[in-house]
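I set out below what I looked up in this structure, entry by entry. The sequence and the coordinates come before my notes.

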Amino acid sequence: MRRATLLVQVGVLARRSVVRTLRQPAMVVPSLVFPLMLLSINASGLDSATKLPGFPTDSYFQFALAIPFVQGALFSANSAGTNVASDIESGFLNRLALTPLRRLALMVGQLAGILALGLIQAVTFVLIGVAFGDGIAAGVDGAVVIVVLSLVISLAFGCIGAFVALRSGSGEAVQGVFPLFFAALFLSSMALPRDLIETDWFRTVATWNPVSYMLEAIRSLVIEGWDGEALALGFACAGGLALIAMLAASAALRTRLVRT
Amino acid sequence: MSGGFWSVARAVAWRNIHSFFTNPAIVVPSLLFPMFFFTAFAGGLSRVDQVPGFDYQSGYTTFVYGFVLLQASTFGGIFTGFSVARDFESGFSRRLLLAARNHGGIVGGYWLAALTRAIFTVSVITTVALIAGLDVNGNAIDLVGLYSLAVVVNAAAMLFGTGIAMRLRTMQAGPLMQVPAFLLLFLAPVWVPFDLLTGWVKGAASFNPITLVLEAGRGFLAGDPTKVLPAFGVALLIAAVTAMWARGGLRSAERAA
Amino acid sequence: MSEAAIEATELVREFKKGPRAVDGIDLRVEAGEVYGFLGPNGAGKSTTVHMLTTLLPPTSGTARVGGHDIVREGPDVRAVIGAALQEAALDPFLTGAEHLRLQTALHGIRGDDAKRRSRDLLARVGLTQAADRKVGGYSGGMKRRLDLALALVHEPRILFLDEPTTGLDPQSRSALWDEVQRLASDSGVTVFLTTQYLEEADVLADRIGIIDHGRIVAEGTPEALKAEISRPTLEIIPAEHGELERTRDVLARFGEQATSSPKGAAVRLSQGEAQLADVVRALDAEDIHVHHLQLHAPTLDDVFLEKTGRSLEGAAEEEKAEATEEVAAA
């Protein structure tokens with residue numbers, strides 16, 4: 001029995017995942033345009049908030065620049081979930097199951113599409129930040145760290161999307177979960193620093209919400225420079241969520257790809 | 001269904017309203033999104049009312065509520081436009097056009113449905129806002145003014161969406177309905193009063209008719225009516241223009257049926 | 001006796017909260033044979049195929065495909081089978097050529113061998129010109145042909161085709177039939193074909209298994225099965241349309257009503273061709289003038305009716321609702 005090596009399998013599935021993602025402008029373009037549009041509107045609309053005592057910067061654009069990175073990741077979740085659901089609904093997953101495919105290769109291959117989109121988003125947002133803002137305080141190295149963190153965040157949410165798709169087998173379920181992701185973004189330190197959130201319950205929710213730390217890590221690199229604690233918390237939350245989501249998606253794939 | 005305007009409108013409205021209330025996939029998002037906005041921004045941005053120059057007396061919760069009310073009214077109308085598009089895509093609208101003697105009643109029916117959906121959504125959101133500390137200083141007349149303005153906005157949005165749906169007759173027209181509505185809503189003093197806006201958004205808001213509507217609405221809530229006539233004037237003008245737009249859409253759909 | 005290509009013993013598949021989709025199937029398909037699995041929607045055809053292709057473990061029973069046990073030797077089974085399942089199972093954003101590249105790579109076929117194999121398969125299924133177009137733009141027939149090509153990439157000895165021509169136009173269907181016949185006769189591939197189309201089973205299959213409610217109710221060559229039923233169908237088109245009802249009443253005296261064209265009435269003659277003269281005399285006695293009369297030999301639908309008490313076409317509607325429940329239960 002002939003069987004491709006794991007590396008070859010990962011390679012071809014990764015290529016497929018990247019190609020099919022990039023061939024769907026209806027998925028790629030909104031994930032870039034929508035966050036940038038909101039950034040532009042909010043940076044101008046909420047700039048007066050920088051006059052609040054204790055606001056960390058005098059440019060709301062610099063403060064809000066972290067948001068598109070997380071918003072983009074939410075679109076990645078939708079894209080990954082929709083692609084996986086489409087494979088299940090069309091029977092393509094069964095086709096793959098009939099080949100000597102290793103489950104690990106399928107998982108890693110799917111992730112490649114998520115990471116490709118995440119990379120395009122991250123680089124775009126960094127360049128916009130540099131072009132229209134006051135640059136990245138942590139410099140070029142900081143920009144690279146932002147891209148890396150952004151990829152980890154994309155991975156986390158992408159795996160959540162894939163998990164939902166694998167469990168439900170349905171694109172509609174993925175769409176149904178999408179608003180919950182936005183809730184997670186809204187109920188964070190997205191719009192104001194946590195210490196300036198006046199409403200107690202909101203501040204508590206934002207403090208427990210891992211998305212707050214992801215935003216704050218990116219924000220620290222943009223506004224302040226190198227803040228070890230913020231970076232550690234951001235990477236820990238993103239990385240932890242990514243690990244849990246990958247394990248969950250992997251378990252769901254084991255159930256979905258039931259072969260003897 | 002061969003009767004006049006109102007009997008056709010009632011029949012179309014009933015079907016749409018029934019479909020709305022029996023389908024969680026439609027009801028839930030239409031409630032969730034405005035509530036998210038309200039909760040996130042009234043809760044997360046409440047300190048913004050301490051920015052120097054923030055002069056809205058009724059507090060930030062009420063300030064945000066004014067926007068959320070406008071948003072719910074607008075998207076209540078737009079989502080009815082989605083229903084119209086769905087009906088065309090499924091072929092149901094062709095049956096409507098053949099069966100109904102008075103085609104204007106079809107649009108009238110969708111308008112009644114949009115209004116009913118908006119009343120439901122606004123009621124729920126208002127209840128949540130009151131629990132969250134909404135401070136309404138306006139009197140009964142102010143409130144009549146506020147919700148009348150919301151009704152006009154809802155009708156205008158619905159007519160706009162319907163005009164697009166009837167011309168394109170496909171669910172893929174959704175973004176064409178949503179994006180203009182979104183831009184009109186957000187290129188306005190959403191988070192802070194007009195005077196505290198800066199940059200290009202301030203320029204856009206100064207030309208945006210929705211700015212007048214939003215400020216009038218907030219004035220009603222604060223018991224300090226402001227720019228009432230211009231706000232109603234502009235809202236009614238938009239409604240009249242979109243009514244003609246919808247009428248043109250209806251003619252287009254009739255030709256294609 | 002040499003080892004069969006496919007052999008199943010008491011194969012059962014139960015789903016939660018539902019009836020048994022497959023209720024104890026025994027079958028044996030010899031190497032090089034085209035075996036037709038005929039039955040209405042929801043009869044258990046696809047479930048059987050999913051088990052035999054290792055995509056679904058059986059609840060009980062055993063089966064060997066290509067000499068390997070479907071439960072204990074799944075990878076070995078998959079190495080020797082190809083399958084084109086009920087859905088065309090294609091990625092609309094990839095081209096035909098990209099699909100083949102993916103499939104060959106996953107099967108460990110590389111370099112020039114992969115290119116040659118892809119080229120040959122595309123030519124074989126008539127998709128060379130369309131190879132670089134995205135599959136989303138393919139017609140239904142083209143998708144089915146690509147599906148077949150992908151199933152043949154690793155030159156399997158056994159091919160499973162699950163309702164391969166459902167939804168295709170007559171020309172595409174005919175082309176696919178030709179390819180299946182060529183595979184079996186020229187390449188000696190064993191073909192296990194499920195279908196709900198009587199004609200397809202009749203034309204393609206060396207032997208047919210008729211399945212209903214998860215059990216095989218009849219098995220044999222098409223000729224042998226039809227010969228068991230010596231009841232032909234007689235169709236009468238009366239000269240005047242107004243006489244149709246009375247024609248039906250007369251025919252009802254000679255057997256069960258059968259499917260007919262809209263202008264006619266048909267009956268399965270309970271005692272065979274010998275009743276023909278009696279029918280004509282009865283129509284004459286009622287002063288019914290006959291425009292057209294035709295005697296049809298027994299069909300597989302007659303076989304199905306004999307074995308199950310229902311017509312295959314009538315059973316299709318009835319089974320639809322049950323099939324929906326089974327899928328939901330799975």
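**Entry 1: chain A**

I counted eleven helices and zero strands in chain A, where helices (H or I, at least four residues) and strands (E, at least two) are DSSP runs numbered from the N terminus. The model is predicted, so I noted that local features need pLDDT of at least 70 and side-chain atom pairs count only at pLDDT 80 or more, while totals for chains, interfaces and linings use all residues. Residues are numbered from 1 along each chain as its sequence is written, and chains are lettered from A and ligands numbered from 1 in the order in which they are written.

Along the sequence, I read the pattern of chain A as α-α-α-α-α-α-α-α-α-α-α. Its radius of gyration is 19 Å, close to the 18 Å from the globule rule for 260 residues, so chain A is as compact as a globular protein of that length. The radius is taken over C-alpha atoms, and the rule is 2.2 Å times the number of residues to the power 0.38. I found that the C-alpha atoms of chain A fill a box of roughly 70 × 35 × 35 Å along the principal axes.

Of the 260 residues in chain A, 53% count as buried. A residue is buried if 20 or more other C-beta atoms, placed from the backbone, lie within 10 Å of its own, exposed if 12 or fewer, and partly exposed in between. I also looked up contacts, for which the C-beta atoms of two residues, placed from the backbone, must lie within 7 Å. Among contacts in chain A between residues at least 6 apart in sequence, 79% join residues at least 24 apart.

**Entry 2: which chains touch**

Two pairs of chains touch, and I found the most contacts between chains A and C. Here 25 residues of chain A are in contact with 28 residues of chain C. On the chain A side, helix 1 (6-22) and helix 5 (92-97) each supply at least two residues. Helix 1 of chain A gives the most, with six residues. I recorded this side as eleven nonpolar, seven polar and seven charged residues. In this scheme Ala, Val, Leu, Ile, Met, Phe, Trp, Tyr, Cys and Pro count as nonpolar, Asp, Glu, Lys and Arg as charged, and the others, Gly among them, as polar.

Chains B and C do not touch, and their nearest C-alpha atoms are 18 Å apart.

**Entry 3: helix 3 of chain C**

I looked next at helix 3 (residues 96-106) of chain C, where nine of the eleven residues are buried, so the helix is largely enclosed by the rest of the structure. The buried residues include C:His99, C:Leu100 and C:Leu102. Against what do they pack? I found helix 1 of chain A, together with helix 4 (111-124) and helix 5 (140-151) of chain C. After helix 3 of chain C comes C:Gly108, with a positive phi near 75°.

**Entry 4: domains and sheet of chain C**

The domain assignment, which is automatic or from a database, gives chain C domain 1 (6-227) and domain 2 (230-297). I noted 40 Å between their C-alpha centres.

In chain C, four strands form an open antiparallel sheet in the order 12-13-11-14; strands pair if DSSP finds at least two bridges between them. Strand 12 (255-258) and strand 14 (290-296) are the edge strands, each pairing on one side only. Six bridges join strand 11 (residues 233-238) of chain C to strand 14, with C:His292 as the bridge partner of C:Ile237. A hairpin through six residues joins strand 12 of chain C to strand 13.
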